[in-house]
Amino acid sequence: MRPRRPLVPESWPQNTGPGRELDRMDGGVCTGCHNKSTRQRFPRLEELNMYCIVGRFVMGETMPESEAHRAVLESMCTPRPYAARFSTTKSKWNDWFSPGSEVPLLGDFNDDGRSDMVTFSLGSDASAWVGLSSGSGFSSLTEWHGYFGLNGEQLRVGDINGDGKDDILTATMKANARVYAALSTGSSFSSSYVSNGTVLSGEVYHTGDFNGDRKDDLIVFKKGSGADVLVQLSNGSTFDAAGTWHTYFSPNAEVPLVGDMNGDGYDDIVTFTMGSSEDAWVALSDGSRFVNASMWHDYFGSDGETMGVADMNGDGMDDIVSFLPGNKDVWVALSTGSSFTEGSLWHLNFMASGQRALVGDVDADHRADAVLLTQGSTADVFVSRAIP
């Protein structure tokens with residue numbers, strides 16, 4: 001029996017309605033909401049076949065009937081080819097962003113489904129500057145926060161209140177172990193506040209939605225000999241007390257990252273052993289802990305390489321990527337849901353020494369793109385799109 005009550009109540013802030021998200025016919029229709037990466041409370045479009053069947057079935061009942069919905073069902077229900085490489089052409093998206101030794105990160109700060117750029121100036125200025133993505137370029141620098149992030153701190157991005165807009169966090173890495181957060185309003189970051197997160201010197205933290213409630217939580221890798229993994233769940237305004245979700249994961253100099261490796265809506269953890277072993281180990285989240293830690297790749301990631309996690313090909317599962325500064329190549333290993341495939345070359349001659357690379361979906365096509373920041377005195381930003 002079909003449900004007659006709307007699955008998305010009108011009172012929810014994510015239900016922006018016709019004339020706003022649903023009628024925004026600029027190539028990003030609905031994906032700003034129906035998108036796993038933006039943590040919205042809507043069905044996700046990664047499984048297009050199932051969505052297309054259900055979408056036609058519930059039109060006018062659980063899904064509002066509108067021309068935009070009809071149009072998107074027709075356009076998006078044509079199977080989209082998976083990406084298999086990054087474009088050989090690197091397009092310049094900004095000619096002055098994150099100069100010198102600033103720290104750049106990607107996040108969707110205005111809830112349009114596209115990854116934007118933020119850079120933290122650190123030093124005496126200590127401000128946060130944002131360039132919004134238009135789908136073909138990043139806007140000019142705009143100061144979104146006047147004092148956030150100091151030298152030696154760990155800076156992160158995540159939607160910790162579940163409103164679809166990514167926020168910024170910084171861990172002081174001092175004796176007080178404090179983590180400060182500043183929420184995005186869509187055009188600026190709010191005043192900083194102590195988030196109740198706890199990160200000690202020598203530890204590494206990230207953000208991710210580990211229990212599937214669409215709010216990004218705080219995860220801390222203790223490192224050292226114990227190498228416990230602690231999670232502090234977000235309640236929408238702060239982080240709850242830490243709980244141990246895994247023991248002995250990503251010890252010492254290993255590199256831990258976060259992503260939804262099996263596409264079930266819970267973010268998982270991966271660690272790159274680097275060094276001589278060069279393995280990638282994954283532990284999947286079941287919503288209350290990480291289980292089934294196992295080796296998913298036996299030769300990926302070496303010392304000096306830049307590692308990343310994102311959905312490169314657009315199948316709804318996060319993959320792993322490695323940027324090699326020495327020979328400048330980019331290698332990707334795709335997730336099958338239970339392992340990573342053999343690595344394949346996605347780009348030649350991408351990144352030189354002293355430059356920085358990031359991955360994120362800058363054009364809202366559900367495939368993560370490669371972003372290059374030259375930094376230094378040129379401070380250019382180039383994008384190589386993920387393509388079939």
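Predicted model: local features only at pLDDT ≥ 70, side-chain atom pairs only at ≥ 80, totals over all residues.
Local features need pLDDT of at least 70 and side-chain atom pairs count only at pLDDT 80 or more, while totals for chains, interfaces and linings use all residues. Residues are numbered from 1 along each chain as its sequence is written, and side-chain values use heavy atoms, with hydrogens and water left out.

**Exercise 1. Aromatic pairs**

Task: Classify the ring pairs Phe120–Phe148 and Phe210–Trp245, and state where their members lie.

Solution. 

Step 1. A pair of aromatic rings is described by the distance of the centres and the angle of the planes. Rings of Phe, Tyr and Trp (its six-membered ring) pair if their centres lie within 6.5 Å; planes under 30 degrees apart count as stacked, over 60 as edge-to-face and the rest as tilted.

Step 2. The whole structure contains eleven aromatic pairs. In one of them, Phe120 and Phe148 sit 6.2 Å apart, centre to centre, with 35° between the planes, and the pair is tilted. Phe120 belongs to strand β4 (residues 116-120) and Phe148 to the loop between β6 (142-145) and β7 (154-158), so that distant parts of the chain, 28 residues apart, are linked. Helices (H or I, at least four residues) and strands (E, at least two) are DSSP runs, numbered from the N terminus.

Step 3. Burial is assigned by relative accessible area: under 20% is buried, over 50% exposed, and in between partly exposed (1.4 Å probe, protein chains only). Phe120 is buried because its relative accessible area is 0%. Phe148 is also buried, at 2%.

Step 4. Phe210 and Trp245 form an edge-to-face pair, with 6.4 Å between centres and 65° between planes. Phe210 is in the loop between β11 (204-208) and β12 (217-221) and Trp245 is in strand β14 (residues 243-246), so this pair ties together parts 35 residues apart in sequence. Both Phe210 and Trp245 are buried.

Step 5. Ring pairs also join Phe109, Trp144 and Phe189 into a cluster.

**Exercise 2. Salt bridges**

Task: Describe the salt bridges Asp112–Arg114, Glu203–Lys222 and Lys215–Asp213.

Solution. 

Step 1. Side chains of opposite charge can pair when their charged atoms come close. The criterion is a side-chain nitrogen of Lys or Arg within 4 Å of a carboxyl oxygen of Asp or Glu. This rule gives eight salt bridges.

Step 2. Between Asp112 and Arg114, the closest N and O atoms are 3.0 Å apart. Asp112 and Arg114 are both buried.

Step 3. For Glu203 and Lys222 the N to O distance is 2.6 Å. Glu203 lies in the loop between β10 (193-198) and β11, and Lys222 in the loop between β12 and β13 (229-232), so the bridge ties together parts 19 residues apart in sequence. Glu203 is buried at 6%, whereas Lys222 is partly exposed at 30%.

Step 4. Lys215 and Asp213 meet at 3.4 Å, N to O. Lys215 is buried because its relative accessibility is 14%; Asp213, with 23%, is partly exposed.

**Exercise 3. The loop between β8 and β9**

Task: Describe Thr172 and Ala177 in the loop between β8 and β9.

Solution. 

Step 1. The loop runs between β8 (167-171) and β9 (178-182), and Thr172 lies in it. Thr172 counts as buried because its relative accessibility is 9%.

Step 2. A polar contact is a pair of N or O atoms within 3.5 Å; within protein, one must be able to donate a hydrogen and the other to accept it, and residues adjacent in sequence count only if both atoms are side-chain atoms. The side chains of Thr172 and Asn176 make such a contact at 2.9 Å.

Step 3. With contact meaning heavy atoms within 4.5 Å, Thr172 touches Gly152, Glu153, Ala177, Arg178 and Tyr180, leaving aside residues up to four places away in sequence.

Step 4. Ala177 is in this loop too. Its phi is near 60°, a positive value in a residue other than glycine. Ala177 is buried, at 4%.

**Exercise 4. An exposed leucine**

Task: Is Leu348 buried or exposed, and where is it placed?

Solution. 

Step 1. Leu348 is in the loop between β22 (344-347) and β23 (356-360).

Step 2. The relative accessibility of Leu348 is 56%, so Leu348 counts as exposed.
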